[in-house]
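Here are a few exercises to work through with the model open beside you. Try each one yourself before you read the solution.

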Amino acid sequence: MVEESPGVSSGYTQPWFCPSRCKPHHRCRNHSRCRRTKNRAVSTFMRAIQYTCMLLSYLIEHKADKEKLVMKLKQLESSMSSGRKMFRLGNMVHALVAARRTTQLPDVVPRFCLTASNLTRALYFICDAVLWLKSVGLQPDVDKPKWRNWATKCYYFSLLMNLARDWYEISWRLEQAVQEKKTKRNSFWETHNQELNCEKCDDLHGFFLRLFQILKRHPPLLLDLVKNLCDLSGPLDALGIYKTNAGVIGFCGILSSLVGILTLASPHLKLQQ
C-alpha cells in the first residue's frame, strides 16, 4: 500500500503524452485538463529555452568575437519570455481553481500553505498581465517598476509557501520514521543495525542521514523541493535579498524547467496537492 502524505488524496493521472487525452475525437473524459497540460508543456519548454539562452549569453558575453551571437541569444530569450506571457491568463485561472481545491484538504498546514501559494501565484499572473499590457502599448501609463516589484514579491511569497509545505512533508515523514524505529526497538536485528549504522542518531549527522533516506524514498518530494529552491534564485536577486548573476539564475532556471518537464512526462513524480 502506497503511503500518502497528510491531507492529500491520491488518484491516477494519465501522462501528458498519452494519445487518449490529446485529441477530442478520442473522447477523453478530461479533455480540458489535457489541453491545460499541453499548454503547460509548451510553456515549460519555452521557459527552458529562455533560461538556456540566458546562461549561454552570460558565459560568452565577455568574448570579443561573440557579440552577434550574444545579441541573438538575448533576442531569443526575450522572444521566449514574451511568448510565455500568452499562457498567463490560463495559468491565472488554473491557480484560482487549484486554490479552491486546496481549501478542501483535511490537514490544516498543507491547506494553508497551498491555498496561500496558489492565491499569490494568481496575483503574480495578474501583475504580469498588467506588465504585458504596458509592453504592447495598451496601458502606457502603468508604473512598470512598481508592478514588477509587486509581481516579484507575489512570486517570492508563493515559493516560500511551497517550501513551507515541502518542509512540513519532510518533518511529517521524519516523525513517521522515528515512530517506526521506536516500535521496532525491541527487535534484536533493529538494535544490532542501530549499533552499527546509527550510533549517534540524535546528532546532526543522523538527522541528515534520515533526511537523505526520506528524499531518496520519495522522489516527488525531492523534485518539488529542488524545483522550488531553484525558482527562488530569481526573486531573491530581483528583490535584493541575495544578489547573484544571470549565469546562476539561468542554470537554476534550466534545472527547474527540466524538473517541470520530467513531472509532466511522468505525473507520478509530481508531488500531489
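**Exercise 1.** Which residues on the other side of α7 are exposed?

*Solution.* A word on the ground rules: this is a predicted model, where local features need pLDDT of at least 70 and side-chain atom pairs count only at pLDDT 80 or more, while totals for chains, interfaces and linings use all residues. Residues are numbered from 1 along each chain as its sequence is written, and side-chain values use heavy atoms, with hydrogens and water left out.

Step 1: exposed means over 50% relative accessible area, buried means under 20%, and partly exposed lies in between (1.4 Å probe, protein chains only). Step 2: His205, Phe212 and Lys216 are the exposed ones there. Step 3: now turn to the buried set in α7, which holds Gly206, Arg210, Leu211, Ile214 and Leu215. Down the axis of α7, the buried residues fall within an arc of 165° (taken from the directions from the helix axis to the C-beta atoms), so they line one face of the helix. Step 4: the cover over those buried residues includes α5 (144-183) and α8 (219-231).

**Exercise 2.** Check what span α7 should have from its number of residues.

*Solution.* Step 1: the expected span is 1.5 Å times one less than the number of residues. Step 2: α7 covers residues 204-217, which is 14 residues, so it should span 20 Å. Step 3: the end C-alpha atoms of α7 are 20 Å apart, which agrees.

**Exercise 3.** Find the residues that touch the most other members of the largest nonpolar core.

*Solution.* Step 1: a nonpolar core is a set of buried Ala, Val, Leu, Ile, Met, Phe, Trp, Tyr and Cys residues joined through side-chain atoms within 4.5 Å. Step 3: α3 (88-102), α4 (108-135), α5, α7 and α8 each supply at least two residues of the core, with the largest share, eight residues, coming from α5. Step 4: a second, separate core of five residues includes Met54, Leu55, Ile249 and Ile254.

How values were computed
Helix = DSSP H or I, 4+ residues; strand = E, 2+ residues; numbered from the N terminus. Contact = heavy atoms within 4.5 Å.
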